[in-house]
Amino acid sequence: MNFGFSEEQDELRKMVRRFLEEKSPETEVRRLMATAEGYDPAVWEQMARELALQGLGIPEAFGGQGFGPVELYVVFEEMGAALMCAPYFSTVALAANAVSFVGGPEDHARYLPGIAGGETIATVALTDDSGSWDVAACAASARRDGDAWRVSGVRNYVTDGSTAGLILVPATTGAGLSLFAVDGDAAGLSRESLATMDQTRKQSRLVLEDVLATLVGVDGGAGDGLATTLQVAAAMLAAEQVGGAQRVLDSSVEYAKTRVQFGRPIGSFQAIKHKCADMLLDVESAKSAAYYAAWAAQERNEELPIAASLAKSFCSEAYFHCAAENIQIHGGIGFTWEHPAHLYFKRAKSSELFLGDPSYHRELLAQRLGI
């Protein structure tokens, strides 16, 4: 087991960081989060054509680069640090993995090249109005209509649900839990954008009324693949959280060095020292948990379910704690909306709940460990 990054992975990090410094400064984040789409199509195309980020983890046979979760970890960590406004997580961490783990070769050939090339924005409609992340309790249903399928139900809190051209919908059939592909402009599908605390990550409520759909994989055979998808996505979200936590720690330390009060930098006061030390401990521990989850996802071994829930639960709390302390250390200016501390605070809170909160993942962890 090697948790060190290779020279190529370090170069990938530098490339992505330079790109995000140019394309995702705070001013651009604030501009995009105020738009209905929540992303810049020109930047999205550039990500696909020049950096090949959408296809990084997709096999070369389907237009991708053939890398794995460790390389994607690097990208998600940098995107989390920059608060990148783009449907990247929903398309790459959720949809591409769902197609890969649930679908067969024909599904891979049908959907993955479009994702890799940046032509397809996709998402997975995982939850209903209850907000439960247990896909086994899915309330949406599907029925046969000749050679086709029709899906009905309500899916809520769908990440990038209003902009996705491909929506993957888990639904139950007579054979069990299945996965269906629905076009974003399909007849019978209505999409409503939701007001969210974290405006950098758009969410929607979808209502499907006998919507024409295409079966992905085998009828009744989506359960294991969707479970793996959620585990890998949790590992990638933990990477985002690590990137955000590191960024707010750096911001706090820099401010503590330069802000002078009572004739001395506030970083010289014991209370501020303790806050920064606690944040550093959180960040370094979160990195260890997230690295472990990324390694387990890369290896696709039996440790993945445990590592994913461990990383998601710990990184969620670590990021939120660091984001809250960042506001405290910045004092009065930190409480103003004009300061970026609030952008990270809101992202930290939304990420804490996304894909299941820490209590949910600790329960999963206890079940998986048999305790």
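Colleague: What makes up the secondary structure of the protein chain?
Modeller: This is a predicted model. Its protein chain comes to eleven helices and nine strands. A run counts as a helix from at least four residues, and as a strand from at least two.

Colleague: Why does the radius of gyration of the protein chain agree with a compact globule?
Modeller: With 371 residues, such a globule would have a value near 21 Å. The protein chain has 21 Å, so the two agree. Along its principal axes, the C-alpha trace spans about 80 × 45 × 40 Å.

Colleague: How many of the residues count as buried?
Modeller: The share is 54% of the 371 residues. Buried means under 20% relative accessible area. The protein chain exposes about 15,700 Å², with 51% of that from carbon and sulfur atoms.

Colleague: What makes a set of residues a nonpolar core?
Modeller: Its members are buried nonpolar residues joined through side-chain atoms within 4.5 Å. The largest such core here has 96 residues. Phe76, Tyr88 and Phe89 are among those with the most contacts inside it. Helix 7 (residues 223-258) gives the largest share, eleven residues. A second, separate core has 22 residues, including Ala245 and Tyr319.

Colleague: Which residues is Phe76 in contact with, leaving aside neighbours within four places in sequence?
Modeller: They are Tyr88, Phe89, Val92, Ala93, Met236, Ala239 and Glu240. Contact means heavy atoms within 4.5 Å.

Colleague: How many side chains are positive, and how many negative?
Modeller: There are 31 positive and 48 negative ones. The centres of the two sets lie 6 Å apart.

Methods: Residues numbered from 1 in each chain as written. Predicted model: local features only at pLDDT ≥ 70, side-chain atom pairs only at ≥ 80, totals over all residues. Heavy atoms only, no water. Rg over C-alpha atoms; globule rule 2.2 N^0.38 Å. Buried < 20%, exposed > 50% of the residue type's maximum accessible area, 1.4 Å probe, protein only. Areas by Shrake-Rupley, 256 points an atom, 1.4 Å probe, with all protein chains shown as cover. Lys, Arg positive; Asp, Glu negative; His and termini not counted. Charge placed at Lys NZ, Arg CZ, Asp CG, Glu CD.
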